[in-house]
Amino acid sequence: MLDTQQTFPWLLAVASGMFTIGALGVLIRRNPLVVFMCIELMLNAVNLAFVTYGHFLNSMDGQMFALMVVVVAAAEVVVGLALITQVFRSGRELDVDDLSEMSE
Amino acid sequence: MTVLVWVVSGLALICAVMVVASDKTIYSALWLVGNMVLLAVLFLLLNAQFLAAVQIIIYAGGIMVLFVFIIALLSPGSGTDVEEHKDRGWRFLVGLGTAVFITGAVFLLANNGTTFDKNSSTHTLRGEQLGRLADPSAANQQKFQFTPDAVNAHGNVQTVGETLFTRFLLPFEITALLLLVAAIGAVYMTRHHREDQPAVIR
């Protein structure tokens, strides 16, 4: 058994730290692939928070929503990578600063 | 067990930092795989065995393979892509300060009794007490019946399946629709445009 008093705040802190690192990565990196990985990082952090809360609340809802988040992440990655592939095929450099306009 | 949580989550944080800090895209992807596997270990410790398996199979096995495949296909430039700026050190300090502040704020909120009742002898979370009090109906009380021992006695996968196909049936069906739309969208976007063939009817 995990010690609630010690592990619960620590795991929440880890989840928030991971989320912050992911958000900073989205802001500072310019490669769209790395930006997508940082979004995955943020989704993972939220998953950890969901499961932590669910475990310490004796509830199953946290795990259920974490499952939904995994599915949403899979769908998001598929569409995002398809977009990146199309951008690459159109002969442009992979740089989010250059891709700020979606048209043309 | 508690020590394992500290070690594994610390390693997961290091992996998360390296995802952002790595120069090469492929290194970022590999650090992200490490982060996801370590998170799966944390899920095991939190009594979410099914979710740990899902995390490894779908995230580390499916999504990350897709990432590595796209990286190999596109082979983007390997140089560092963080813009050189004259006051980069100052900006780094501001970013680090913001990260520490947000993380610390959440930690303090969690630790100082906003969600966690320190005075309770049974170490229950305040959210559980409030959740129980807010709605005394039997259906609401059942939401908090899943103690680790009860779940393990019934079987983790069994409990997940029963909950998923009863209370969470509608979200489950909606995610199925979402996956279908995403698959169709990806196929539509990545198809080839050929000059010698008539355009696909849109």
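**Stop 1: where the chains meet**

Select chains A and B together. In this predicted model, 63 residues of chain A are in contact with 71 residues of chain B. Now colour the chain A side of that contact by element. Three helices of chain A each give two or more residues to it: α1 (4–28), α2 (32–56) and α3 (61–89). Which of them gives the most? It is α3(A), with 22 residues. The side of chain A that touches chain B has 41 nonpolar residues, 17 polar ones and five charged ones.

**Stop 2: the largest nonpolar core**

Stay with the nonpolar residues. The largest nonpolar core has 66 residues. Highlight α2(A), which supplies the largest share of the core, 14 residues.

Pick out A:Met37 and A:Leu48, the residues with the most contacts inside the core. Centre the view on A:Leu48. What does A:Leu48 touch, leaving out residues up to four places away in sequence? In chain A, the partners are A:Leu11, A:Val14, A:Ala15 and A:Met18. Across in chain B, they are B:Leu39 and B:Leu42.

**Stop 3: a helix pair in chain B**

Look at how they cross: α1(B) passes α2(B) in a left-handed crossing.

Show side chains at this contact. From α1(B), select residues including B:Leu4, B:Val8, B:Leu11, B:Cys15 and B:Val19. By class, the contact of α1(B) with α2(B) has 16 nonpolar residues, four polar and no charged.

**Stop 4: A:Met68**

Bring chain A back and go to A:Met68, in helix α3 of chain A. Is A:Met68 buried or partly exposed? Count the other C-beta atoms within 10 Å: there are 18. Burial needs 20 or more, and exposed means 12 or fewer, so A:Met68 is partly exposed.

Beyond its neighbours within four places in sequence, A:Met68 is in contact with B:Pro171 and B:Thr175. Finish by drawing a distance from A:Met68 to A:Asn47. The two are 21 residues apart along the chain, and their C-alpha atoms are separated by 9.5 Å.

Definitions and conventions
Residues are numbered from 1 along each chain as its sequence is written. Chains are lettered from A and ligands numbered from 1 in the order in which they are written. This is a predicted model: local features need pLDDT of at least 70, side-chain atom pairs count only at pLDDT 80 or more; totals for chains, interfaces and linings use all residues. Two residues are in contact if their C-beta atoms, placed from the backbone, lie within 7 Å. Helices (H or I, at least four residues) and strands (E, at least two) are DSSP runs, numbered from the N terminus. Ala, Val, Leu, Ile, Met, Phe, Trp, Tyr, Cys and Pro count as nonpolar, Asp, Glu, Lys and Arg as charged, and the others, Gly among them, as polar. A nonpolar core is a set of buried Ala, Val, Leu, Ile, Met, Phe, Trp, Tyr and Cys residues joined through C-beta atoms within 7 Å. A crossing is left-handed if the near helix is turned anticlockwise from the far one by less than a right angle, and right-handed if clockwise.
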